[in-house]
Amino acid sequence: MAEYMAQGKSPEVLFWVGCAGSFDDRAKKITKAFAKLLNNAKVDFAVLGTEESCTGDPAKRAGNEFLFQMQAMMNIEVLNGYGIKKIVTTCPHCFNTLKNEYPELGGDYQVMHHTQFLKSLLNEGRLKVEGGKFKGKRITFHDPCYLGRANNEYEAPRELLQKLEVELVEMKRCKSRGLCCGAGGAQMFKEPEKGDKDINIERTEEAMETQPEIIAAGCPFCNTMMSDGVKGKHKEDSIEVMDVAEMIANATEL
Amino acid sequence: MQYIPNIIFLIVLVVGIGYFTKNIRRIIRNIKLGQEVDVKGDKKERWGNVMRIALGQSKMVVRPIAGIMHIIVYVGFIIINIEVLEIIIDGLFGTHRIFASLGVIYDYLIASFEILAFLVIVAVVVFWFRRNINKLRRFMSPEMKGWPRNDGNIILYFEVVLMVLFLTMNGADHVLQHMGSDYYTEAGMFPISIHLYPLLESLSEETLILIERTAWWLHIIGILVFLNYLYFSKHLHIILAFPNVYFGNLTAKGKFRNLESVTKEVKLMMDPSADPYASPPEGEEAPAKFGASDVMDLNRIQLLNAYTCTECGRCTSECPANQTGKKLSPRKIMMDTRDRLQEVALNVEKHGEFQPDGKQLLDDYITREELWACTTCNACVEACPVSIDPLSIIMDMRQYLVMEQSAAPNELNVTMTNIENNAAPWPFNQMDRANWIKD
């Protein structure tokens, strides 16, 4: 982003990578896949790079409003400094926080989840989505809470999957009644409370009931939780967990 | 002498409605023990929600069996109240079936009341089976032991008894009409109570009048008792669902409340021209407590939520933590909040103002283990048919734990330290953020 600024240009959109997308080895693949799609669609995008910082979502959900607002104010300073208008992110948690919780603190942007952004590229004819190797594969989509219930977006990822010509099978609990993967509310960063079962196992079992070849996700944390679940069930050889963006990028072998 | 029944009726009515009014005032006072809340958003949208969600029961039918049964009881309740109006007028003025002059319309009204009364009995029996024989999981949770379970059944018994009395009254009335008993003018159509005809027709006129009058009196007294039972039970939702839905959240569920007291502090901290040694300006209030440890720290909408909850348990049955055996149950959060609020209210009544009683909502009612099990997934909020938000209470209590007590689970303390130090929940260097580009 700093380079754009130096050249006096501004990008079409800022790609907010997020902590998982920057540091987690699995999530980095999603980041790269999405970046490839953006390049392929000739989207003029920038990243903040080393100037990006946690949105504060886990801090806020853990109850640390102070830390959240510190993070938010710093990020807003950076974003407003660059005159950012439009943000796209591959993480529904960043998406929700930037979209819903930054405006009251002075950060007003048009924020899109990457599935929404890809859908708009598709509609504008800038992105081609073809089935390729996913054609006819049995796939179930796990709704991320912070995209679905939190922001009422259930259709964008499904429309993209339909375009991949997959056989989309819904889990028993889907869309507004979708079951959480267990990572939200800062649970990702702690051990779960005592219980009979881990939430990701419960959700993975439900996904497995649909006999999928791939569990599609739209969130790096859901991805981790579901991948762990599949591994826990020793099914990693027959069931893949993939982000919708990865599937689109892989379909056309980008 | 002939006015004695009218006078007794008036006394019963005044006592019944008077005591109920008193308790409603108590509820309002108790809710006002909470923090004031700025209700934002479009009034039109709020009324739209009341029409759709509360009056229209739109979220009840997400579960079709319970939803349809509930709509029957609900419609029955509302429609049969027209009959109660007639009973009150008759009781006060010594008339009988005052609306009979409506003619055919009256016939259809009475007929529809009867059919609804019958359907209500059917629905209530189904509800009873679901609670006591089928033992639906959501009615068997630990928080439903004892009073909450009895409360649920008592309400069902009340409804059956009231409907049976109503039909008995009509049945006897109908026979008396046929006998040509004076006072019992021919009026109404009785598609259900007609089936009582064979049972009743052999009885003498006096016995029939006795049955009709007894059922009539018990019916209206029963309604007044039930009205006053509401305050002591979970059943207040029949009234509070409407204001509760009105005040329900209008923004995206993912948007959690912004704590303005914190914003002030953070802005001050980030202001390079702020004087670090400045003493707070005189007359300024001490900063508010962060988060909630007791009911007085919650806001009024959250307390209204607690009174509105009818313990249906849809929230708990959708909660991922609860489904996997954790202690958290969103319904219990609401029940605990209400129970503690009642306790605080009694304390206030006794002492004039709240005297510390060595207890609070946190720990004495809601444990930390419950609070930390929440994934903030909003399933409970989505599931509630009357727009209750258990998640906001969980969040407020987490804020208290973290910001007032620094009592987060250790792993979360590490996470938060990471965010503070290197701007990510994991211990990676911020300078490595763009490494994926080179990989």
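Predicted model: local features only at pLDDT ≥ 70, side-chain atom pairs only at ≥ 80, totals over all residues.
View 1. Eleven helices and eight strands make up the secondary structure of chain A. The C-alpha trace of chain A extends over about 50 × 45 × 30 Å along its principal axes. A compact globule of 254 residues would have a radius of gyration near 18 Å, and the value for chain A is 18 Å, so the two agree.

**View 2. Burial and contacts within chain A.** Of the 254 residues in chain A, 57% are buried. Among contacts in chain A with a separation of 6 or more, 78% join residues 24 or more positions apart.

**View 3. Packing of helix 1 against helix 3 in chain B.** Helix 1 (residues 4-31) and helix 3 (residues 64-93) of chain B have axes that come within 7 Å and cross at roughly 130°. From helix 1 of chain B, Asn6(B), Phe9(B), Leu10(B) and Leu13(B) meet Ile88(B), Gly91(B) and Leu92(B) of helix 3 of chain B. This contact between the two helices of chain B comprises five nonpolar and two polar residues, with no charged ones.

**View 4. The contact between chain A and chain B.** Chain B and chain A each contribute 55 residues. On the side of chain B that touches chain A, at least two residues come from each of several helices, including helix 9 (260-270), helix 17 (390-404) and helix 18 (410-422) of chain B. That side of chain B has 30 nonpolar, 13 polar and twelve charged residues.

Notes:
Residues numbered from 1 in each chain as written. Chains lettered and ligands numbered in written order. Helix = DSSP H or I, 4+ residues; strand = E, 2+ residues; numbered from the N terminus. Rg over C-alpha atoms; globule rule 2.2 N^0.38 Å. Buried ≥ 20, exposed ≤ 12 C-beta atoms within 10 Å, placed from the backbone. Contact = placed C-beta atoms within 7 Å. Axes fitted to C-alpha atoms, helices over the stretch in contact; angles between N-to-C directions. Nonpolar A, V, L, I, M, F, W, Y, C, P; charged D, E, K, R; others polar.
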